[in-house]
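Here is a walk through a two-chain model, written for someone who would rather look at the picture than read a table. Keep the viewer open as you go.

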Amino acid sequence: MLILASARELVLLFVAFELMSIPLYVLAGFAKSEERAVEAALKFFLVGSLSTAVFAYGLSFLYGATGTTALPALARAADRGHPLVVLGLLLVFAGIGFKVAAFPFHMWVPDTYEAATTPFVAWLSVAPKAAGFAAIFRIFVEGVAGGGAAWTPVAGFLGGVTIVAGNLLALSQTDAKRLLAYSGIAHIGYLLVGVAAMTPFGVGTVLFYLVAYVFSNMGAFMVVETVQLSEGTTAIQGLRGLAQRSPVLALAMLVFLLSLGGIPFVVGFWAKLYVLWAAAQAGLYGLVLLGAVLTVVALFYYLAVARALYIDAPAATAAPVPVPPALLLVILVSAVAVLALGLYPGPLVDAAFRAATPLF
Amino acid sequence: MLLALELGLGGLIVVVLAVGLFAGPDRRREVGVVAAVGLLGLLALALVIDARGPLAAGAFQVDGLAVFFKRLFLGATLLGVVGGLARPGPAPERRSLESPSWAC
């Protein structure tokens, strides 16, 4: 991932992507005594291999059409609008779409998230996806340069359908990990809306959103892990009455859910607001409307979990849920970050916009 | 200095692998602590150093975007590793057919 963030050459970028992906397949099936984990790892591997093939196919078209793998030279060639360059970039976008789990390339996500170990899934749900956006910025913003605006409809369409599909599929989930998986797909849609803006402001908002998503999503997964270690289940039913049993844990989960839902004044609110603002500045009013409406839909399933935490009675025992110190540390750090960045987002906003500047 | 984080992470991988080999499967948590401490050090390094510039004729570029993502990756990985320390139990048992040399 570290190399991927700095790669400005297509072969280096591809190798970095694969160096990142192969350990992910292994880690997905790390609990190899569990059949579901092995099945999930196999699904992840097969879909990941297909995406790699599509990605490599696209890169081969780019090299064939331009004769170079260096991004600055690719930018000059892309300006000429060669059909093979367009086809190559389309395949590359699809390949990265698999990696970031954008709809309709998301099918590996729910099963893998449900079966793999939760701390790994917490990380898988944020870091490799952020790496996918690093690759998108390098290729489609820096690499395509002036022609980047031509990719607005592609990113916008993919972002729109991903928001709709992720949110609607999350509505019927009864397992917390699967719910977070589908809601994660919806968040990828919002990030793609920021990409569709293709402006320095749009890229900056995506970077801000990624940080907000890291703390909110990882925190939520770690609460699920805590309950799983205690109750042996990741079902939403397992969270019933958590406020009576472990008030701090329930409060932390509520903070993460509010942030994922985009409620003021936690960091997720600013993330969604900035992304939709960037889309509005770029004239993508349809996406802004869609994103705003689907935010309300997302609140329905996030607040359904909150209802289980605070209103429903505990399932069986009312004993407190033990929180291992390591998990407590991660949950507290994430909760503090979500609240602090929600109340005072300025420094992170500045850092994100400074980081976006070199691309333009 | 431009490759400090990449080299540091490579070194940490070797250290964690060596500690894991010598510590054995029953002391996974200690190996995890070593990984977490190493990642914390790398994250601190990423926040402190501010070297920018190209390498390998521009194929590798450390710019603001790269630095931002590297900090993000290291921070998220640190949270994931620390969260994983709470997992109980030893490493999954090896199955003989996983390695052809052990099967015979």
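Start in chain A, where the axes of H11(A) and helix H13 (residues 247–261) of chain A come within 9 Å and cross at roughly 145°. The crossing of H11(A) past H13(A) is left-handed. On the H11(A) side, the residues making the contact are A:Ala212, A:Ser216, A:Asn217, A:Gly219, A:Ala220, A:Val223 and A:Thr226. H13(A) answers with A:Leu249, A:Ala252, A:Met253, A:Phe256, A:Leu257, A:Ser259 and A:Leu260. Sorted by class, that contact has nine nonpolar and five polar residues, and no charged ones. Bear in mind that this is a predicted model, with an ipTM of 0.91 and a pTM of 0.92.

## A closer look at Ser216

One residue of H11 in chain A is worth a zoom: A:Ser216. Is A:Ser216 buried or exposed? A:Ser216 has 30 other C-beta atoms within 10 Å, so it counts as buried; the cut-off for that is 20 or more.

Setting aside neighbours within four places in sequence, A:Ser216 touches A:Phe256, A:Ser259, A:Leu260, A:Val267, A:Gly268 and A:Val338. A:Ile311 is another matter: 95 residues from A:Ser216 in sequence, with 22 Å between the two C-alpha atoms.

## Leu341 and its partners

Now hop to helix H16 of chain A, which holds A:Leu341. A:Leu341 is buried too, because it has 24 C-beta neighbours inside 10 Å. Leaving out neighbours within four places in sequence, its contacts are A:Ala212, A:Val267 and A:Leu348. A:Val266 is 75 residues away from A:Leu341 along the chain, yet their C-alpha atoms are separated by 7.0 Å.

## Two antiparallel pairs

H11(A) also pairs with H8(A): their axes come within 11 Å and cross at roughly 170°. That is why the two helices are described as roughly antiparallel. From H8(A), A:Ala130, A:Phe133, A:Phe137 and A:Val141 meet A:Val203, A:Val206 and A:Leu210 of H11(A). The class count for this contact is seven nonpolar, no polar and no charged residues.

The other pair is helix H9 (residues 152–170) and helix H10 (residues 176–197) of chain A, packed at an angle of about 160° with their axes 7 Å apart. H9(A) and H10(A) are therefore roughly antiparallel as well. H9(A) passes H10(A) in a left-handed crossing, and their contact has 16 nonpolar, nine polar and no charged residues.

Most residues other than glycine have a negative phi, and most peptide bonds are trans. Here are some exceptions to look up. The bond from A:Phe103 to A:Pro104 is cis, with omega near 5°, and A:Pro104 sits in the loop between helix H5 (83–100) and helix H6 (109–115) of chain A. Another cis peptide bond joins A:Pro264 and A:Phe265, with omega about -10°; A:Phe265 lies in the loop between H13 and helix H14 (267–281) of chain A.

As for phi, A:Met198 is not a glycine but has a positive value of about 50°. You'll find A:Met198 in the loop between H10 and H11 of chain A, and it counts as buried because 23 C-beta neighbours fall inside 10 Å. B:Ala57 also has a positive phi, near 55°. B:Ala57 is in the loop between strand S1 (53–55) and strand S2 (60–62) of chain B and counts as exposed, with 9 C-beta neighbours inside 10 Å.

Chain B has four helices and two strands, in the order α-α-β-β-α-α along the sequence. Of its 104 residues, 33% are buried. Its mean pLDDT is 84, and 84% of the residues score at least 70. Among its elements, helix H3 (residues 64–84) of chain B has the highest mean pLDDT (93) and helix H4 (residues 100–103) of chain B the lowest (48). Where pLDDT is low, the predicted coordinates should not be read in detail.

How many residues of chain A are in contact with chain B? There are 46, meeting 29 residues of chain B. H11(A) turns up again here, giving the most to the side of chain A that touches chain B, with eight residues. By class, that side has 36 nonpolar, five polar and five charged residues.

Conventions
Residues are numbered from 1 along each chain as its sequence is written. Chains are lettered from A and ligands numbered from 1 in the order in which they are written. This is a predicted model: local features need pLDDT of at least 70, side-chain atom pairs count only at pLDDT 80 or more; totals for chains, interfaces and linings use all residues. pLDDT is the predictor's confidence in each residue, from 0 to 100. Two residues are in contact if their C-beta atoms, placed from the backbone, lie within 7 Å. Ala, Val, Leu, Ile, Met, Phe, Trp, Tyr, Cys and Pro count as nonpolar, Asp, Glu, Lys and Arg as charged, and the others, Gly among them, as polar. Axes are lines fitted to C-alpha atoms, for helices over the stretch in contact, and angles run from 0 to 180 degrees between N-to-C directions. Angles under 35 degrees count as roughly parallel, over 145 as roughly antiparallel, 65 to 115 as roughly perpendicular and the rest as oblique. A crossing is left-handed if the near helix is turned anticlockwise from the far one by less than a right angle, and right-handed if clockwise. A residue is buried if 20 or more other C-beta atoms lie within 10 Å of its own, exposed if 12 or fewer, and partly exposed in between; C-beta atoms are placed from the backbone.
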